[in-house]
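Biologist: I have a model to go through with you. Let us take each label and ask what stands behind it.

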Amino acid sequence: MNNKIIIINGPNLNLLGEREQSQYGSITFEKLRENCKKKSQELNLDVEFTQSNVEGELVDIIQDSRNKFDGIIINAAAFTHTSVAIRDALEIFKKPIIELHISNIYKREEFRQKSLISDIVTGGIFGLGANGYILAIISMHKLLKNEN
Ligand code: DQA
């Protein structure tokens with residue numbers, strides 16, 4: 001049976017392609033979704049690609065994931081820097097988690113340089129653009145196959 005993963009995107013990532021292209025590039029959210037689906041299919045991973053602007057909805061999605069998915073890739077966006085609730089929900093998920101950021105949060109404003117989830121996730125990717133999603137899928141595939 002294929003492993004199942006979920007890619008969770010936080011606030012404003014639905015506007016990729018439109019928002020701050022200097023930070024996030026020109027790829028649209030729809031194109032990113034397509035690219036992630038294609039790479040996951042190549043690796044025989046079943047993928048769900050989701051986004052919400054609402055903190056509580058993200059907490060619900062993370063909670064529900066524990067019985068449905070083998071791994072989480074999360075770009076919590078602005079909530080990375082503020083949400084204890086998302087951190088707590090991720091801590092309940094006892095399987096691999098990859099934290100992802102399109103931009104290099106450590107090269108940006110001071111308030112972005114603190115992630116509330118980095119110390120509880122399996123690993124992270126940041127600053128590599130939208131391609132980071134593809135790298136995260138490959139890494140998750142290896143983690144789930146114990147090839148890391
Ligand atoms: C982001 C970085 C966050 O600081 C920001 O709030 C985002 C996107 C990134 O992918 O680089 O919305 O998570």
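Biologist: What is the accessible surface of the protein chain, and how much of it belongs to carbon and sulfur atoms?

Modeller: About 7600 Å², with 46% belonging to carbon and sulfur atoms. Accessible areas come from the Shrake-Rupley method with a 1.4 Å probe, and for residues only the protein chains shown count as cover. This is a predicted model, where local features need pLDDT of at least 70, side-chain atom pairs count only at pLDDT 80 or more, and totals for chains, interfaces and linings use all residues. Residues are numbered from 1 along each chain as its sequence is written, and side-chain values use heavy atoms, with hydrogens and water left out.

Biologist: What share of contacts joins residues 24 or more positions apart?

Modeller: 76% of the contacts with a separation of 6 or more. Contact means heavy atoms within 4.5 Å.

Biologist: Why is the pair of Phe29 and Phe49 called tilted?

Modeller: Rings of Phe, Tyr and Trp (its six-membered ring) pair if their centres lie within 6.5 Å; planes under 30 degrees apart count as stacked, over 60 as edge-to-face and the rest as tilted. A search of the whole structure finds three aromatic pairs. In this one, Phe29 and Phe49 lie 5.2 Å centre to centre, with 45° between the planes, hence tilted. Phe29 is in helix H2 and Phe49 in strand S2, so the pair ties together parts 20 residues apart in sequence.

Biologist: Why do Phe29 and Phe49 count as buried?

Modeller: Buried means under 20% relative accessible area, exposed over 50%, partly exposed in between (1.4 Å probe, protein chains only). Phe29 is at 9%, so it counts as buried. Phe49 is at 6%, so it is buried too. Phe29, Phe49 and Tyr133 form one aromatic cluster.

Biologist: How do you know that Tyr106 and Phe126 are edge-to-face?

Modeller: Their planes are 70° apart, and their centres 5.0 Å. Tyr106 sits in the loop between strands S4 and S5, Phe126 in strand S5. Tyr106 has 38% relative accessible area, so it is partly exposed. Phe126 is partly exposed, with 38%.

Biologist: What is the phi of Asn12?

Modeller: Positive, about 75°, although Asn12 is not a glycine. Most residues other than glycine have a negative phi. Asn12 is found in the loop between strand S1 and helix H1. At 37% relative accessibility, Asn12 counts as partly exposed.

Biologist: Is Ala77 buried or exposed?

Modeller: Buried, at 12% relative accessible area. Ala77 lies in the loop between strand S3 and helix H4. Ala77 has a positive phi of about 50° although it is not a glycine.

How values were computed. Helices (H or I, at least four residues) and strands (E, at least two) are DSSP runs, numbered from the N terminus.
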